[in-house]
Each structure stands twice: as structure tokens, then as C-alpha cells.
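Work through the following exercises with the structure open beside you, and try each task before you read its solution.

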Amino acid sequence: MKGKWGIIVAVIIVIVAIIGFVFYGKTEQNLQAEEKRMRVAAKDYFNKYMSSNESTQVYEVTLDMLEEANENGEDYNLQGLENCDKTKTVAKITINYQNGKPKKTEVTLEC
């Protein structure tokens with residue numbers, strides 16, 4: 001009888017662990033997709049609405065700025081970012097001073 005319960009408990013633990021790994025994987029994929037959407041939109045926003053200045057190293061584009069641009073005619077895909085903080089979800093863009101184009105973008109999601 002003890003062996004039977006041990007097997008049942010072991011099977012339940014394995015099932016719960018598998019479900020946890022699947023859920024974690026999907027959550028990680030969603031975060032990567034949301035970061036990519038934010039990164040792409042922020043770079044485009046920078047190119048359209050901001051100008052580079054030699055004294056500034058890092059430019060910030062917030063989710064609020066991107067949503068405002070959408071209200072004014074842009075079509076940035078911000079799906080999955082609806083529950084994120086509008087001012088703390090930000091893309092920090094480092095530019096290449098030789099051509100003024102973005103060379104590195106770091107995204108911070110506050111969801």
C-alpha cells in the first residue's frame with residue numbers, strides 16, 4: 001500500500017513540474033514577443049519623431065509616447081502591452097553618432 005501511494009505522489013509531482021515548465025516557457029515567449037514589439041516601435045518612433053543630439057547618449061521612448069503616436073495616426077503593434085505601466089515601460093535607444101541611427105535598444109517592461 002505504501003508503494004502505491006509513493007508512485008501516485010511521484011506521478012503527480014512529475015505532472016505538476018511539466019505543467020510548470022510549459023507555463024514558464026509560454027510566459028518567457030510572451031515577454032520576448034512583447035519586448036520585440038516595443039523595440040521595433042521605439043526605433044521607428046525615434047526615426048520619425050526624435051533627432052539625435054551629440055550631447056545625449058541615450059534616448060527614451062515610453063509606452064505612453066507610442067500609444068499617443070497611435071492616437072495620432074501611427075500603427076504600432078503594441079499587443080500584449082495593454083497591462084504595462086505607461087511611463088515605466090520604456091525603450092532606451094543608444095545611437096550611432098556617425099549616422100544618428102539607433103545602434104542598441106534596451107527594453108524595460110513593467111507589466
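**Exercise 1: A loop residue and its surroundings**

Task: Find which residues Asn83 is in contact with, leaving aside its neighbours within four places in sequence.

Solution: Leaving aside those neighbours, Asn83 is in contact with Glu110 and Cys111, where contact means heavy atoms within 4.5 Å. The model is a predicted one, in which local features need pLDDT of at least 70 and side-chain atom pairs count only at pLDDT 80 or more, while totals for chains, interfaces and linings use all residues. Residues are numbered from 1 along each chain as its sequence is written, and side-chain values use heavy atoms, with hydrogens and water left out.

Finally, consider a distance: Asn83 and Phe46 are 37 residues apart in sequence, and their C-alpha atoms are 23 Å apart in space.

**Exercise 2: The nonpolar core**

Task: State how many residues the largest nonpolar core has, and which of them have the most contacts inside it.

Solution: The largest nonpolar core has 19 residues, and those with the most contacts inside it are Met38, Leu66, Tyr76, Leu78 and Leu81. Such a core is a set of buried Ala, Val, Leu, Ile, Met, Phe, Trp, Tyr and Cys residues joined through side-chain atoms within 4.5 Å. Two or more residues of this core are given by each of helix 1, strand 1 (58–62), helix 2 (63–71) and strand 2 (90–95). Helix 1 provides the largest share, five residues.

Now look at Tyr76 in particular: not counting residues up to four places away in sequence, Tyr76 touches Ala41, Asp44, Tyr45, Lys48, Tyr49, Leu66, Ala69 and Asn70.

**Exercise 3: One side of a helix**

Task: Identify which of the residues Leu63, Leu66 and Ala69 in helix 2 are buried, and then explain how they are arranged around the axis.

Solution: Leu63, Leu66 and Ala69 are buried in helix 2. They lie on the same side of helix 2 because they cover an arc of only 120 degrees around the axis, the arc being that of the directions from the helix axis to the C-beta atoms. An α-helix has 3.6 residues a turn, so residues three or four places apart point the same way.

Take Ala69 as the example: Ala69 counts as buried because its relative accessibility is 6%. Not counting residues up to four places away in sequence, Ala69 touches Tyr45, Tyr49, Glu74 and Tyr76. The C-alpha atoms of Ala69 and Tyr45 are separated by 8.2 Å, although the two residues are 24 residues apart along the chain. Just after helix 2, Gly73 takes a positive phi of about 115 degrees.

**Exercise 4: Salt bridges**

Task: Determine how many salt bridges a search of the whole structure finds, and describe those that involve Lys48 with Asp44 and with Glu74.

Solution: The search finds five salt bridges, each being a side-chain nitrogen of Lys or Arg within 4 Å of a carboxyl oxygen of Asp or Glu. Side chains of opposite charge can pair when their charged atoms come close.

Begin with Asp44 and Lys48, whose side chains meet in a salt bridge (3.2 Å, N to O). Both residues lie in helix 1, four residues apart, about one turn of the helix. Asp44 is partly exposed, with a relative accessible area of 29%, and Lys48 also counts as partly exposed, at 46% relative accessibility.

Continue with the side chains of Glu74 and Lys48, which meet in a salt bridge (2.9 Å, N to O). This pair links distant parts of the chain, with Glu74 in the loop between helix 2 and strand 2 and Lys48 in helix 1, 26 residues apart. Glu74 counts as buried, at 18% relative accessibility.

Then turn to Glu106, which forms a salt bridge with Lys104, the closest N and O atoms being 3.1 Å apart. Salt bridges that share partners join Asp44, Lys48 and Glu74 into one network.

How values were computed. Buried means under 20% relative accessible area, exposed over 50%, partly exposed in between (1.4 Å probe, protein chains only).
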